[in-house]
Each structure stands twice: as structure tokens, then as C-alpha cells.
Amino acid sequence: MKLYDYFRSSAAYRVRIALNLKRLSYDAVPIHLSKDGGRQKTPEYRAINPQMRVPTLVLSNGDRLIQSLAIIEYLDETFPDPALLPVEAVERAQVRAVAQIIACDIHPTNNTSTLAYLRKLGHDQTEIDEWYASWILSGFEAVETMIRPAPYAFGSHVTIADLCIIPQVFNARRFKVPIDRFPKIASVDSACNKLSAFDNARPEKQPDAE
């Protein structure tokens, strides 16, 4: 498999964790999201991913998968050990809800294209940082009430919720958003990062890290 990746992309970070948990080898192809105006916008990459975002996972048969949650669920269905979703239907829905709060509500408001557009509209860095923090804090307030660390977000097994929480915590710390008001999230982050699958997926450990 081939993963079109960017070391600081939260979405790609999620997929790297999933691949590591499933013990799947892959070739990483870095796509820098800011150099040269964003290399994801080149005609060559647009032919691979029409949305011009990362990650893209190219399977051994040439099929291309985009959108991190869709990729992770494909991996979980195709390589079921270890399972990343609970067996019971209500718990599966609860895990997916936390994942979607992060991937569908927090992340899109704070991704590189959104922040670039805010700059284009004339907002300064202080205003952008306030925007960034506001979405993380409001989303984390909900997540904090929903998870049940023991030690992972929903018990003794890692789920898709954990795969979304940890990259978002990394981003929060990078932008100096305080997370000490979210002790359950901080506990999950600490537990997950003790696992090699999470640790090896960290942005600073990627070949394109800067």
C-alpha cells in the first residue's frame, strides 16, 4: 500500500495510527501542504485525489481511498484484528460520535485551507489563534463528557475515537490551547501514546518532519 501523507496532517495522523495498529506496511509519499502554494494542488496529485487533500491510501490493486474515517473503517473491515469498533451497536454509535465531533466538527474549522482563507480575509494571527482555540475548546467540552477512559476513550480497547482524539490533542498543544481542563482527554492521550502504534505515528517521527 501507498499512503500520500503530510506529517502534520491530523487526518493522515489518524490513518498512520490505524495502519500501525493493524501492523500493515506501507510506503509513505509526502505531500507538503504549504510549500509551493500547496503541493496537494498540483495536477499530478489532483489526478490521484480529486479533493486535493491528504491522506490518500492507494491499495495494492490500485484502488484509491480518501477521507480518513472512510479509510480507517475500510482497514477495520478488511483487517479486523485488532477491531477498532465495539461489537455492541450503541457503543459503536457512541465511538463514531466522538470520532465525528473531532473529524467533522473541530478539524474542518481549523485545517490549513480554512486558516489560509481567514488570512486572505485579513485576520491577523492573534484572531486566527483565537478562532482555532475556540473550536477545539467547544468540541473538547463535549468529548470530555462522552468518553470513559479505562484507560482508552471507551475502555480497555483502542477505538476509532482514540485515533481521532490523539492527533487533535497534538494540535491543541502545538497551538498552545490548554487541555488541563480536560482531565479525561489528557488521560486518554497519555495512555495511547504509550503504545508504539501511536508513538511511531507522531508527526515528528515522520520522514518529512520539519
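The lining of the largest pocket in this predicted model divides into 15 nonpolar, 17 polar and six charged residues. That pocket has a volume of about 1,100 Å³, and the second largest pocket holds about 390 Å³ of space.

**Largest pocket**

- The lining is made up of 38 residues, and those nearest the centre of the pocket are Leu33, Arg53, Asn111, Thr112 and Ser113.
- Five helices each supply at least two lining residues: H1 (10-21), H3 (68-78), H4 (89-110), H5 (112-120) and H7 (160-174).
- Thr112, one of the residues nearest the centre, belongs to helix H5.
- With a relative accessibility of 45%, Thr112 is classed as partly exposed.
- Between Thr112 and Ser10 there are 11 Å from C-alpha to C-alpha, although the two are 102 residues apart in sequence.

**Second largest pocket**

- Here 22 residues form the lining, and Pro82, Ala83, Ser156, His157 and Val158 lie nearest the centre.
- Two or more lining residues come from each of H1, strand S6 (154-155) and helix H9 (196-199).
- By residue class, this lining has twelve nonpolar, seven polar and three charged members.

**Nonpolar core**

- The largest nonpolar core has 54 residues, and the members that touch the most others are Phe140, Ile147, Leu163 and Ile165.
- Elements giving two or more residues to this core are H1, H3, H4, H5, helix H6 (125-146), H7, helix H8 (183-192) and H9.
- Helix H7 provides the largest share of the core, with nine residues.
- As background, nonpolar side chains in soluble globular proteins tend to be buried together.

**Aromatic pairs**

- The model contains six aromatic pairs.
- One of them joins Tyr6 and Phe7: the ring centres are 5.0 Å apart and the planes stand at 65 degrees, so this pair counts as edge-to-face.
- Both Tyr6 and Phe7 are buried.
- Another pair is Tyr13 with Phe170, which is also edge-to-face because the planes meet at 80 degrees, with the ring centres 6.1 Å apart.
- Since Tyr13 is in helix H1 and Phe170 in helix H7, this pair ties together parts that are 157 residues apart in sequence.
- Tyr13 is buried at a relative accessible area of 1%, and Phe170 is buried at 18%.

**Cysteines**

- The count of disulfides is zero.
- For Cys104, the nearest cysteine sulfur is that of Cys164, 8.4 Å away, and Cys104 is in no disulfide.
- Cys104 is partly exposed, with 46% relative accessible area.
- Cys192 is likewise in no disulfide, and the nearest cysteine sulfur, again that of Cys164, is 11 Å away.
- Cys192 is buried, and its relative accessible area is 0%.
- Arg64 sits in strand S4 (residues 64-66) and is partly exposed, with a relative accessible area of 47%.

**Backbone geometry**

- As background, most residues other than glycine have a negative phi, and most peptide bonds are trans.
- The bond from Val54 to Pro55 is cis, with omega near 5 degrees.
- Pro55 lies in the loop between helix H2 (43-46) and strand S3 (56-58).
- Asp81 and Pro82 are also joined by a cis peptide bond, with omega about 0 degrees.
- Pro82 is in the loop between H3 and H4, and this residue is among those nearest the centre of the second largest pocket.
- Asp36 is a residue other than glycine with a positive phi, near 55 degrees.
- The loop between strand S2 (27-30) and H2 holds Asp36, which is exposed at 64% relative accessible area.
- Met52, not a glycine either, has a positive phi of about 60 degrees.
- Met52 is found in the loop between H2 and S3 and is partly exposed, with a relative accessible area of 24%.

How values were computed:
Residues numbered from 1 in each chain as written. Predicted model: local features only at pLDDT ≥ 70, side-chain atom pairs only at ≥ 80, totals over all residues. Heavy atoms only, no water. 1 Å grid on protein atoms, 1.4 Å probe; cavity = no way out; pocket = protein on both sides within 12 Å on 5 of 7 lines; lining within 4 Å. Points joined across faces, edges and corners; volume = space filled by probe spheres on them. Helix = DSSP H or I, 4+ residues; strand = E, 2+ residues; numbered from the N terminus. Nonpolar A, V, L, I, M, F, W, Y, C, P; charged D, E, K, R; others polar. Phe/Tyr/Trp six-rings, centres within 6.5 Å; stacked < 30°, edge-to-face > 60°. Buried < 20%, exposed > 50% of the residue type's maximum accessible area, 1.4 Å probe, protein only. Disulfide = S-S within 2.5 Å. Core = buried A, V, L, I, M, F, W, Y, C linked by side-chain atoms within 4.5 Å.
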